[in-house]
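Open the model in your viewer and keep the selection tool at hand. Each stop below says what to select and what is there.

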Amino acid sequence: WPEATAYNRAQVLYYLAENLSGRTEEFATRIAELTGAAHKAAKSEVEASIERLFYYAGMADKFEGRVHQPPARTVTLALHEPVGVIGIVAPDEAPLLGLISLLAPALAMGNTTVVVPSAAAPLVATDLYQVLEYSDVPAGAINIVTGHTAELTAVLAKHDDVDGLWVVAEAEICAKAEAESTGNLKRVWTGHGRSLDWPTAQGEAFLRRAVEIKNVWVPYGD
C-alpha cells in the first residue's frame, strides 16, 4: 500500500465508497440496532461516511508537496511521504462516520493502519471487513482489532513498530497514550477527551497529520 501510486490509492478508495454505498441499508440497520439511533439518522451517518470516502479519494492524488525558494541559489522541494503505520482509536459516537473520518485520510496518504473501533458498537467495523474484501484494499492496509479501548490504546502507544497514533477517547485514555508514547517518540494526535463534529470533520488538517515532510534542496547556478 505505501508503494502504490496516489492514483491507485484514489481508485481503491473510490471503489470502497461505491461498495459501501451498495450496502447502505444494511449498515444503517446495524448502526440503529447497536446505538439505538433512529433509522433515518443511522442512514444519514452511512451516507456521510460514503461522501467522506469519496472526498479523500479525490484528495489522494491532489494533496501534494510544495516548492519553496529560500534566500539562496537553491530550490527546496517539500515532498509528502506517509508516516508509516498509524494506530487509530475511533470514537464511540458515530461508530462508522468517526472511524471512516480517521481511517480515510491515513489511507489516502499511503499509510497502513491498525484500527481500534468503537467499543460500544464494534460490529459496525467488523461488518466493514466484508466490504474491504471485495474493494481491492490490499491485505495489511487496514487491520481492525476489537477490545477494550484503554488496553488496546496502551499497547499501540508502547509498540515500537507503530509510527503514529490518533486517539479520540476519554481524557484519561488520551493522556495515557501521550505518556506511553514518549519512549519511542511516536507522533500522537489526541482529542484530549473532546469529540469532533463528525459531519464536518474532514479537510487538509487530517491529511497533514498523515504525512511526513521530506525537504530536498536543489542548488542551481546563474
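**Stop 1: a buried aspartate**

Select aspartate 127, which counts as buried because its relative accessible area is 9%, under the 20% cut-off. Keep in mind that the model you are looking at is predicted. Aspartate 127 sits in helix 5, which covers residues 122–133. Along the chain, glutamate 26 and aspartate 127 are 101 residues apart, and their C-alpha atoms are separated by 9.6 Å.

**Stop 2: a negative patch**

Select Asp92, Glu93, Glu170 and Glu172 together; they form a patch of negative charge on the surface. Which helix holds glutamate 172? Glutamate 172 belongs to helix 7, made of residues 171–180. Is glutamate 172 buried or exposed? It is exposed, because its relative accessibility is 67%, and the cut-off for exposed is over 50%.

**Stop 3: a nonpolar patch**

Next, select Leu79, Val216 and Val218, a nonpolar patch on the surface. Together these residues have about 190 Å² of accessible area. Leucine 79 lies in strand 2, which spans residues 74–82. With a relative accessibility of 37%, leucine 79 counts as partly exposed.

**Stop 4: the annotated domain**

Finally, select residues 1–189. An unreviewed UniProt entry places the feature "domain: Aldehyde dehydrogenase" there. Over residues 1–189, the chain is 49% helix and 17% strand.

Note on methods
Residues are numbered from 1 along each chain as its sequence is written. This is a predicted model: local features need pLDDT of at least 70, side-chain atom pairs count only at pLDDT 80 or more; totals for chains, interfaces and linings use all residues. Side-chain values use heavy atoms; hydrogens and water are left out. Patches are made of residues with over 30% relative accessible area and no salt bridge: like charges are joined within 9 Å, nonpolar side chains (Val, Leu, Ile, Met, Phe, Trp, Tyr) within 5 Å. Accessible areas come from the Shrake-Rupley method with a 1.4 Å probe; for residues, only the protein chains shown count as cover. A salt bridge is a side-chain nitrogen of Lys or Arg within 4 Å of a carboxyl oxygen of Asp or Glu. Lys and Arg count as positive and Asp and Glu as negative; His and the chain ends are not counted. The place of a charge is taken as NZ of Lys, CZ of Arg, CG of Asp or CD of Glu. Helices (H or I, at least four residues) and strands (E, at least two) are DSSP runs, numbered from the N terminus. Buried means under 20% relative accessible area, exposed over 50%, partly exposed in between (1.4 Å probe, protein chains only). UniProt positions are given in the numbering used here, feature names are shortened, and annotations may be inferred rather than shown by experiment.
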